[in-house]
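This report describes a protein model and the two ligands placed in it. Please keep the sequence and the 3D view at hand while reading.

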Amino acid sequence: MKVDWLIVGAGYTGAVLAERIASQLGQKVLVIERRDHIAGNAYDYYDPHGILVHRYGPHIFHTNSKRVWDYLSQFTEWRPYYHRVRALIEGKEIPLPFSLASLRALFSERLANKLEEKLIAHCGYGARVPILKLREAEDPDLRFLADYVYRHVFEGYTLKQWGLRPEELSPTVTARVPVLVSYDERYFQDTYQAMPKEGYTALFRRMLSHHNIKVLLKADWREVEGEVCFDRMVFTGPIDEFFGYLHGPLPYRSLRFELEHHPRLYVQEVGQMNYPNEYPYTRITEFKHLTGQDYLPHTTIAYEYPEAYEPGKNEPYYPVPKEENEERYQLYLKEAERLKAVIFAGRLGDYRYYNMDQAVARALKLFEEVVHE
Ligand code: FAD
Ligand code: UDP
């Protein structure tokens, strides 16, 4: 078989590049995927009860990029959705990210008033302050607040999720969920927030339906190597695996999901409940909030249990953003730069903690570079 491009991985990175190359350059693309479905970690499907669930954890679309939004809008209609998250802290359900509303849910009115005034004076109304930054405050009341939020919201959750303390990771990790000096109760503050109306898999199906694209499922790159002739290749799997772990394995973190069905309308009030402290799981997602399937009389929820990544046993869901891992990744990047015919990209190919929109933006940018070569 002869194609212009071989693309390994049918997630966002692979699918966007395949779609652009096929539709804009008129070139032939073969996409190979080792799982038995397209859409990568964004894959969703209907469970036996008719609820649209996400196999690899809850995926909520949000972006500030009009370009990414317009691009994906060619392949889906959207259902407006603002993700809301609560955390169980000392027996109370408080809004996350931690905000002025969370202060009021936890503390007496007097204390909440005092902390609110200080936060606004120190950071400005509307500010988004990473917890590790807030901990540097000198004011004793703000120090009390920062330590409280650190201990009750971040420390236990991060230890469960990563097996590491917040300060052992790149500060960008906990900065994803900043303290909000406002009453905004949305988990994300991006301009565009929505769920694809018919789900992510349907979106991918449309993206990959071009006549210049062929998709081969249940095929690992190693099995196809040597069987297919191609001019160029895109690899969106783990970069360390591609190079046979030449510089040692890059660490990843994995998860185990447990789905539970309940014969009642809803189990929780919001799409996601976080459990930073008491339980072995980190969060519970109730899919009906995400999909808007209010008309169904029953509901499905997913528990997330973090675990160590073991190749062949579970999935490398998260690169671990940490200085020494970045140094090792740079060694792999040097190897990658020597292979002129292969482009490495995506959450695993770039070893970057991308959200969906960042994976799309990266693929669109790469396509531009290919065009201008
Ligand atoms: P992937 O989706 O991982 O696709 C790579 C594909 O390559 C996979 O399908 C894999 O099977 C395949 N592959 C790998 N190696 C090989 C090989 N050797 N041969 C053949 N195929 C191979 N982002 C958001 O924006 N919002 C969210 O709410 C959100 N929630 C998330 C929750 C969880 C639990 C996780 C893990 C991620 C979440 N993300 C979210 C991030 C999102 O999943 C990624 O940004 C996106 O999937 C990245 O796309 P990708 O193409 O780079 O990688
Ligand atoms: N985090 C936390 N407590 C929470 C929520 C998040 O400590 O209740 C930290 C934790 O380290 C987590 C990171 O912030 O891994 C990023 O959270 P996010 O919700 O963005 O994680 P993702 O959805 O990517 O798993």
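In what follows, a residue counts as buried under 20% relative accessible area, as exposed over 50%, and as partly exposed in between. The model is a predicted one, and the values given here are computed from it.

Proline 130 sits in the loop that links strand E9 (128-129) to helix H5 (131-134), and because its relative accessibility is 27%, it is classed as partly exposed. Leaving aside residues up to four places away in sequence, proline 130 touches Ala175 and Pro178. Proline 130 and alanine 22 are separated by 108 residues in sequence, and their C-alpha atoms are 42 Å apart in space.

Two further loop residues carry a positive phi without being glycine. Glutamate 90, in the loop between strand E7 (85-89) and E8, has a phi near 45°, and with 52% relative accessibility glutamate 90 counts as exposed. Lysine 218 has a phi of about 55° and is placed in the loop between strand E12 (213-216) and helix H9 (221-224); with a relative accessible area of 63%, lysine 218 is exposed.

## The site of ligand 1

The shell around ligand 1 holds 32 residues, of which Glu33, His59, Ile60, Tyr354 and Met356 come nearest. By class, this shell is made up of 15 nonpolar, eleven polar and six charged residues. Helix H1 (12-24), helix H13 (346-349) and helix H14 (356-371) each supply at least two residues of the shell around ligand 1.

Backbone atoms take part in several polar contacts with this ligand. An oxygen atom of ligand 1 lies 2.7 Å from a backbone N or O atom of methionine 356, and an oxygen atom of ligand 1 is also found 3.1 Å from a backbone N or O atom of tyrosine 12. A polar backbone atom of tryptophan 221 is 3.0 Å from a nitrogen atom of ligand 1. Taken alone, ligand 1 exposes 990 Å², and the protein buries 96% of that.

## Histidine 59

Histidine 59, one of the residues that come nearest to ligand 1, belongs to the loop between strand E4 (52-54) and strand E5 (61-63). With a relative accessible area of 14%, histidine 59 is buried, because the cut-off for that class is under 20%.

The side chain of histidine 59 reaches the backbone oxygen of asparagine 41 at 3.2 Å. Not counting residues up to four places away in sequence, histidine 59 touches Asn41, Ala42, His54, Met195, Tyr200 and Met356. Among these, Tyr200 belongs to the buried residues of H8, a helix (residues 200-207) that is mostly covered, with six of its eight residues buried.

## The site of ligand 2

Polar side-chain atoms approach oxygen atoms of ligand 2 from tyrosine 187 at 2.5 Å, from arginine 176 at 2.8 Å and from asparagine 274 at 3.0 Å. Ligand 2 taken alone exposes 520 Å², of which the protein buries 93%.

## Strands and sheets

An open sheet is formed by seven strands in the order E8-E7-E15-E16-E17-E14-E18, with mixed pairing. Strand E8 (92-96) and strand E18 (318-319) stand at its edges with a single partner strand each, so one side of each is left without a neighbour in the sheet. Within the sheet, strand E16 (residues 283-286) and strand E17 (residues 299-308) pair in the antiparallel sense over four bridges, and isoleucine 284 stands opposite tyrosine 303 in E17. In the loop between E8 and helix H3 (100-106) lies proline 97, and the peptide bond from leucine 96 to proline 97 is cis, with omega near -5°.

Elsewhere in the model, strand E1 (residues 2-8) and E2 pair in the parallel sense over four bridges, and tryptophan 5 has valine 29 as its bridge partner in E2. In a regular strand the side chains alternate between the two faces of the sheet. In strand E2 (residues 29-32), Val29 and Val31 point one way while Leu30 and Ile32 point the other way, and all are buried.

How values were computed
Residues numbered from 1 in each chain as written. Chains lettered and ligands numbered in written order. Predicted model: local features only at pLDDT ≥ 70, side-chain atom pairs only at ≥ 80, totals over all residues. Heavy atoms only, no water. Polar contact = N/O pair within 3.5 Å; in protein donor to acceptor, adjacent residues only side chain to side chain. Areas by Shrake-Rupley, 256 points an atom, 1.4 Å probe, with all protein chains shown as cover. Near = heavy atom within 4 Å. Nonpolar A, V, L, I, M, F, W, Y, C, P; charged D, E, K, R; others polar. Buried < 20%, exposed > 50% of the residue type's maximum accessible area, 1.4 Å probe, protein only. Contact = heavy atoms within 4.5 Å. Pairing = 2+ DSSP bridges.
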